[in-house]
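Biologist: Can you take me through the side-chain contacts and the surface of this one? Start with whatever term I need for the contacts.

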Amino acid sequence: DLDRGHRSLFCQRIHIFFIVVNEFCERFSYYGMRAVLVLYFKYFLRWDDDFATTIYHTFVALCYLTPIMGAIVADSWLGKFKTIVYLSIVYTVGQVVLAVSAIHDITDTNRDGTPDNMTLHIVLSMLGLALIAVGTGGIKPCVSAFGGDQFQDHQEKQRGTFFSIFYLSINAGSLLSTIITPILRGQECGIYTKQKCYSLAFGVPAGLMVASLIVFIVGSGMYIKTPPQGNIMVKFFTCIGFAIKNRFRHRTNEFPKRTHWMDWAEEKYDKLLIAQVKMVLKVLFLYIPLPMFWALYDQQGSRWTLQATNMDGDFGILTIQPDQMQTINAILILLLVPIVESVIYPLIAKCKINFTPLRRITVGMFFAALAFIAAALVEIQIERTLPKFPSSPEVQVKFINMGNKSLDLTAGTNKVTLEAFTANADYLTFEQHFDLTVGSDFNYSTTLTPGSRNTMVIFPDTTPPKLMPVNIEKCPPARFFNGLDSDLNVTIGNLDFGDVNFFSSCLCHKHAAEECVYTQELGFGSSFTLIIPPTFAFGSNCEQSIRPVLDMEQNSFHMAWQIPQYFLLTLGEVVFSVTGLEFSYSQAPSNMKSVLQAGWLLTVAVGNIVVLIVAEAATLQDQWAEYVLFASLLLVVCVIFAIMAYFYTYIDPAKIEAEFAQIDPKQKEKRRNSRKDSVEQHKEERRSSDSSYDNEEQKQTRI
């Protein structure tokens, strides 16, 4: 708790809470949108799992590439406050555009619930996501630093308390959004037809982003706004660039070798900066294998969410949506961080084991690999319960008899007898083209879409019998075939497209006040065809004459089996990520911690790019095999990193900086001039042989 003095200082700086609220709203907006994004791609934009995964990870990669741009703009040009405001506006516009893109009614001209101009929705979605990537990435490095600027140097305890509250707001926004946004997605909305409400799921985060921007601007007059003073990342890269260029200019044997290739920057930069760059490069070299961890970690929001769509989310007292399973990660982080820090690490220390930060990072990667092995085992069990869809050029067909008497069929080599208003129990597999004989007199040559699963509805009372093929993959969890001569109004009371346990409908006669209530248990992933026969009549027990035909079995493998893989991955994250940030901070020079932070974020971006490369290059037919591939790659990287860590020597940046700070400025200048004189001496020797080269060298070494 804060003492009275601390409370007084916080009261004097009440505007920092505007920053905290801003961060909470922004994180709620980002993680809430991201939680449902891959399902939006799959079910609204109708993309397959692989393409949805590709676009998802492309978006995440952009979100972690743009922080470098935001930091440079803030420190070198606009300052942190203006950068946050301007990019928040871009961010908000992107969220609004994404929410608009999810309104199916704007292009649903025939009012059938399906957008007629999907291209427009895709363009708006991609535009919105691009703006969001620029906005969220651009403000990411600025908000926390801007909050730290609100405290003076002697207020270290208050600044530490602020950062604790700040990061608590990040976790709170993430946790709440991953719970709430999938619930909003599960609602039904629409002007003409009711569909999954992705527009609401994106619209609420957009509203939170508007609130975030307003709250932040309200405190404008109270903030301490530090003017831009130049970006250390720019100095970092220019110093490296000059060293490389200068080394290339003096690549011949005539010039003496230097201890480190960065020493070739001494003609322009002081030794303290060069030493700091060396320390950063030493850590960045260790970062090279780290993206593979993030390649696995960020698949929680893509592959693992898609995996959950094929599982049963009925937990008895509550129903879990597939995209809500990501909440387990946030909950486990809150539980495991104190346990690992207060129990596990002390126990390891008591066992006299030197569990260094780099060893912890290695163990974290190992746990992530185990998580994907667990995911592969779960996927194998799921595939055993899923229906076996045909591969091209085969098709699968189930026949439904809409007649009031039994019907004999010959389909290919299969002979089937259907009772009145029933269907055959199992799907039959045929080539794309097959012959169908209805009764004994009517022959048909049937062609269906290759690789599809269909129901063939037969009306035998017409002459000739009428056939109506329906691709069930494009159908909702329940559909009706009306065998009456008059129209019926069908009211769906609690239909949730397979995500709820019961489906209730009310059948109402169009010109009368009669109704019939029918209840059908659905379950996750199941779908039914409900036959209303010509013999149907309103009245008591009317629901008994409705005949259900099972099109798709419900998911039977429970979502709870994903918990072990989430536990292993979260444990790996706690050991890997927390330790990695701590290690980077301890090994970074005082003025270049932001450079290593940018490098850390860059590993996340590269990790998501790795997902794109591996997923596209592997072209594995089985999802479990892809999980095993990723786990194997991470284990290989884990071994490589362990070897690199073995040869790493820990340093004390403060001690190294102090050594350079003690060097007398005149001595520093003397050493620089000595180095320049050495270079000039070699140039003098070259003048006699190549005057043009001499002129160029004078131009290149001018300081």
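Modeller: A salt bridge here is a side-chain nitrogen of Lys or Arg within 4 Å of a carboxyl oxygen of Asp or Glu. Keep in mind that this is a predicted model.

Biologist: Fine. What does Lys278 pair with in a salt bridge?

Modeller: Its partner is Asp263, and the closest N and O atoms are 2.7 Å apart. Lys278 belongs to helix α10 (residues 271–287) and Asp263 to the loop between α9 (232–249) and α10, so the pair ties together parts 15 residues apart in sequence.

Biologist: Is Asp263 buried or exposed?

Modeller: Asp263 is buried, because its relative accessible area is 8% and the cut-off for buried is under 20%. Lys278 has 27% relative accessibility, so it counts as partly exposed.

Biologist: How many salt bridges does the structure hold?

Modeller: There are 8. Among them is one between Asp298 and Arg34, at 3.0 Å from N to O. Asp298 sits in the loop between α11 (291–297) and α12 (303–308), while Arg34 is in helix α2, so this pair links parts that are 264 residues apart in sequence. Asp298 and Arg34 are both buried.

Biologist: And which residue does Arg27 bridge to?

Modeller: Glu26, with 2.7 Å between the closest N and O atoms. Arg27 and Glu26 are both buried.

Biologist: Switching to helices. How do the axes of α2 and α6 cross?

Modeller: The axes of α2 (residues 16–35) and α6 (residues 118–148) come within 11 Å and cross at roughly 150 degrees. Angles over 145 degrees count as roughly antiparallel, so α2 and α6 are roughly antiparallel to each other. Their crossing is left-handed.

Biologist: Now the surface. Which residues make the nonpolar patch?

Modeller: Leu62, Leu65, Leu602, Val606, Ile609 and Ile613 make a nonpolar surface patch of about 440 Å². The elements giving two or more residues to the patch are α4 (49–78) and α16 (593–618). Helix α16 gives the most, with 4 residues. Leu602 lies in α16 and is partly exposed, at a relative accessible area of 33%.

Biologist: Last topic, backbone. What is phi of Lys352?

Modeller: Near 60 degrees, a positive value in a residue other than glycine. Lys352 is in the loop between α13 (327–350) and α14 (357–385), and at 76% relative accessibility it counts as exposed. Asn541 also is not a glycine, and has a positive phi of about 60 degrees.

Biologist: Where does Asn541 lie?

Modeller: In the loop between β15 (527–532) and β16 (547–552). Asn541 is partly exposed, with a relative accessible area of 48%.

Note on methods:
Residues numbered from 1 in each chain as written. Predicted model: local features only at pLDDT ≥ 70, side-chain atom pairs only at ≥ 80, totals over all residues. Heavy atoms only, no water. Patch = residues over 30% accessible without salt bridge, like charges linked within 9 Å, V, L, I, M, F, W, Y side chains within 5 Å. Areas by Shrake-Rupley, 256 points an atom, 1.4 Å probe, with all protein chains shown as cover. Buried < 20%, exposed > 50% of the residue type's maximum accessible area, 1.4 Å probe, protein only. Axes fitted to C-alpha atoms, helices over the stretch in contact; angles between N-to-C directions. Parallel < 35°, antiparallel > 145°, perpendicular 65-115°, else oblique. Left-handed = near helix turned anticlockwise from the far one by under 90°.
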